[in-house]
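Subject: Handover of a structure and findings

Dear colleague,

Please find below the structure that I am handing over to you.

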Amino acid sequence: MNQYPENRQSIVIQNRVSAGEKLADFLLRYVNSNNIANDDHNDLKLIIEETFTNIISSARERSDYHDITVELKCDGKTIVITFSDTGVAFNPISYNSKNIGNTPPHEGGMGIHIIRSLSDALNYKRVGDRNVFTITKHYTKRQ
Amino acid sequence: MSLEVVIISEANNCKRISISGELDSRTALDLQRRIDVEIDASVATTIIDFKGLNFLSSAGLRVIFKTKKVMDDINGEFLMVNLQPQIKKVFEIIKAMEGMNIFNSQEEMDDYLASMQDKVKKLTDHDDRYY
C-alpha cells in the first residue's frame, strides 16, 4: 500500500514571461513541503521553465494572452506536473528532438530535448478547448 | 530570482563575463544586451565564469552559443570556467560539451591561457628571427 497520500496543489498564472517567477516560487514551496531532493528540484525547475517558455512562446506569436493552470501531484516517489491552458492547440512534444545533434546549438529544439531527457513520461491531449500536457518524473526524498 | 552580470577587461584583450543567479527566459535578454555592447572584434578572448550561476535554461544556452559563434567568427577564444554540476548537466543533456573549452577551475584555465601565450610568443620570436 502506498503510505504517502497524494499531495495535489495547483496555481493559475498568466501566459507571460513575468509569471515565471511566481511559478518557480510555487514549485519551491511544493518541493520543500514534500521533501523532494535538491537534484530533483533542479530538474523539475528546468522541466517547468522549458515547458512554460514553449507554451508562452507559441501563444505570443498570436498575441493570445490567457491563463495557464499548473498542477503538481506527488506520492512519495513520482511527481506529475500538468499544464493546461485554453490556447490554440499546441503539442509541446511534437518537435523532433533528433535534430539536436545536427542542429547548430543556438537554434530550436533544445527546450523540448531538455524536457524529454529529464522526464520519465510525457503526454499531450486536447480536451475540448484545452491543451493538457502532463509530465511524470520519479524523484527521491531528501535524506 | 535575478541575474547579476559583471564584465571586466583583463590582459591581452580578454573579457571576463561573470554571471550569478539564474540565466533563463526572464534574464537571458539582459545578458545578451550586455554582451552585445562589450564583445566586439577587438576582443581576443571571452571567458564566461559560471561560479555564481545556479540555474541555466535553454534561453540562457542560446545566449552562450551565440557568443561563442561571435568569437569563432572573429577567430577569438571562447572559454567557460567554474560550472556547477547542475549547469554542466544542462550542457551534457544537449550534447554540447564537445568543441567547448570548459575548465573545472581558474587554475586549469590559467594553465591553458599560459600555454596559448607561450605558443604565440614562440611564433612571434620565430617570425622576428626571419624578418
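Which residue in β3(A) is the bridge partner of A:V70? The partner is A:F83. Please note before reading further that the model is predicted.

**The sheet of chain A**

In chain A, 5 strands form an open sheet with antiparallel pairing, in the order β1-β2-β3-β5-β4. The edges are taken by β1 (7-14) and β4 (121-127) of chain A; each has a single partner strand, so one side of each lacks a neighbour in the sheet. On average, and with direction ignored, neighbouring strands of this sheet are turned by 15° against each other.

Strand β2(A) pairs with β1(A) over 8 bridges in the antiparallel sense, and A:S10 stands opposite A:E71 of β2(A). Towards β3(A), the antiparallel pairing joins residues 67-74 to residues 78-85 through 7 bridges. Besides the pair named at the outset, A:T69 has A:S84 as its bridge partner in β3(A). The hairpin of β2(A) and β3(A) has 3 residues between the strands, and A:G76 in this hairpin takes a positive phi near 105°.

The two faces of β2(A) can be told apart. A:I68, A:V70, A:L72 and A:C74 make up the covered face, whereas A:D67, A:T69, A:E71 and A:K73 make up the uncovered one.

**Helices of chain A**

Helix α1(A) packs on the sheet, where it touches β1 and β2 of chain A. The direction of α1(A) makes about 170° with that of β1(A). Helix α3(A) is largely enclosed by the rest of the structure, because 7 of its 9 residues are buried. These buried residues are A:M110, A:G111, A:I112, A:H113, A:I114, A:I115 and A:L118.

**The contact between the chains**

Chain A gives 18 residues to the contact and chain B gives 17 residues. On the side of chain A that touches chain B, the elements giving two or more residues are α1 (20-33), α2 (38-60) and α3 (110-118) of chain A. The largest share, 6 residues, comes from α2(A). By class, this side of chain A has 6 nonpolar, 8 polar and 4 charged residues.

**Helix α1 of chain B**

In helix α1 of chain B (residues 28-38), the buried residues are B:A28, B:L31 and B:I35. They lie on the same side of α1(B), because they cover an arc of only 65° around the axis. In general, an α-helix has 3.6 residues a turn, so residues three or four places apart point the same way. The buried residues of α1(B) pack against β1 (3-10), β2 (14-23) and α2 (58-73) of chain B. The face turned away from the buried side carries the exposed residues B:L29, B:R33 and B:V37.

**Two positive phi values in chain B**

Most residues other than glycine have a negative phi. B:N13, which is not a glycine, has a positive phi of about 55°. B:N13 is found in the loop between β1 and β2 of chain B, and is exposed, with 12 other C-beta atoms within 10 Å. B:N82 also is a residue other than glycine with a positive phi, near 65°. The place of B:N82 is in the loop between β4 (77-81) and α3 (85-93) of chain B. B:N82 counts as buried, because it has 20 C-beta neighbours inside 10 Å.

Yours sincerely

Key: Residues numbered from 1 in each chain as written. Chains lettered and ligands numbered in written order. Predicted model: local features only at pLDDT ≥ 70, side-chain atom pairs only at ≥ 80, totals over all residues. Contact = placed C-beta atoms within 7 Å. Helix = DSSP H or I, 4+ residues; strand = E, 2+ residues; numbered from the N terminus. Nonpolar A, V, L, I, M, F, W, Y, C, P; charged D, E, K, R; others polar. Arc of directions from axis to C-beta. Pairing = 2+ DSSP bridges. Axes fitted to C-alpha atoms, helices over the stretch in contact; angles between N-to-C directions.
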